[in-house]
Amino acid sequence: MFAAENGLKGDSRLEAISEAIRVVPHFPKPGIMFQDITTLLLNHKAFKDTIDIFVDRYQHMGISLVAGIEARGFLFGPSIALAIGAKFVPLRKPKKLPGEVISESYVLEYGTDCLEMHVGAVQPGERAVVIDDLVATGGTLSAAIRLLERMGADVVECGCVVGLPEVKGKNRLNGKPLYILVEPREVENCCYDRVH
């Protein structure tokens, strides 16, 4: 669900967050309108508001673990985890973690990818949220949910800063709630893509 549909309708912070995200036409290839959150990070107030909205949502849900998806989930997840008193668990691309790992593959438009996390990073019964910058089709988030659940976590929700039009109306992902702050700004005659 989009934040504006869940108690934040008319909240000026959402408009400021949306405006702080730069849209880069035809990057990384023609026809793609890239949602560049690096400009959001340059805007102290918009960045703080982004974190604050997630913290307000999760601080009373008994969350003990915030999992962030590489790489941009790492930009938001640790701040949220610190603010709500939870640990942060990075979900990484293959061969980036030095210890014993558990992995989960998922299908992309043109191939497959994989997420990994350290064995022992999650304890059975821990309540988790998964954080990323953007959700397009939900494939990466679905893999994150499966990975955490294989280790016994109770995934409470997935939270993303931007949700592409494809997820409009999807309130759940793999049976888990999906919470999105903003939609990408409208751009005519083009498509959106998530590139990691």
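Is K48 buried, partly exposed or exposed? At 42% relative accessibility, K48 is partly exposed. Here buried means under 20% relative accessible area, exposed means over 50%, and partly exposed lies in between (1.4 Å probe, protein chains only). The model is predicted: local features need pLDDT of at least 70, side-chain atom pairs count only at pLDDT 80 or more, and totals for chains, interfaces and linings use all residues. Residues are numbered from 1 along each chain as its sequence is written, and side-chain values use heavy atoms, with hydrogens and water left out.

K48 is paired with D52 in a salt bridge. The closest N and O atoms of this pair are 2.7 Å apart. A salt bridge is defined as a side-chain nitrogen of Lys or Arg within 4 Å of a carboxyl oxygen of Asp or Glu. Both residues sit in helix α3 (residues 44-58). They are four residues apart, so about one helical turn separates D52 from K48. Helices (H or I, at least four residues) and strands (E, at least two) are DSSP runs, numbered from the N terminus. D52 is partly exposed as well, with a relative accessible area of 24%.

A search of the whole structure returns 13 salt bridges. Among them is the contact between R57 and E157, with closest N and O atoms 2.7 Å apart. R57 belongs to helix α3, whereas E157 belongs to strand β8 (residues 154-163). The pair therefore ties together parts that are 100 residues apart in sequence. E157 is buried, at 2% relative accessible area.

E104 and R146 form another salt bridge, at 2.9 Å from N to O. E104 is in strand β5 (residues 101-108), and R146 is in helix α5 (residues 139-150). This pair therefore links parts that are 42 residues apart in sequence. E104 counts as buried, at 14% relative accessibility. R146 counts as partly exposed, at 29%. Salt bridges with shared partners join E104, R146 and R150 into one network.

Disulfides were examined next. A disulfide is a covalent bond between the sulfur atoms of two cysteines. The criterion applied is a pair of cysteine sulfur atoms within 2.5 Å. The structure holds zero disulfides. For C158, the closest cysteine sulfur is that of C160, and the 6.8 Å between them is too far for a bond. C160 is likewise in no disulfide, its nearest cysteine sulfur being that of C158. C158 is buried, with a relative accessible area of 0%. C160 is buried too, with a value of 0%.
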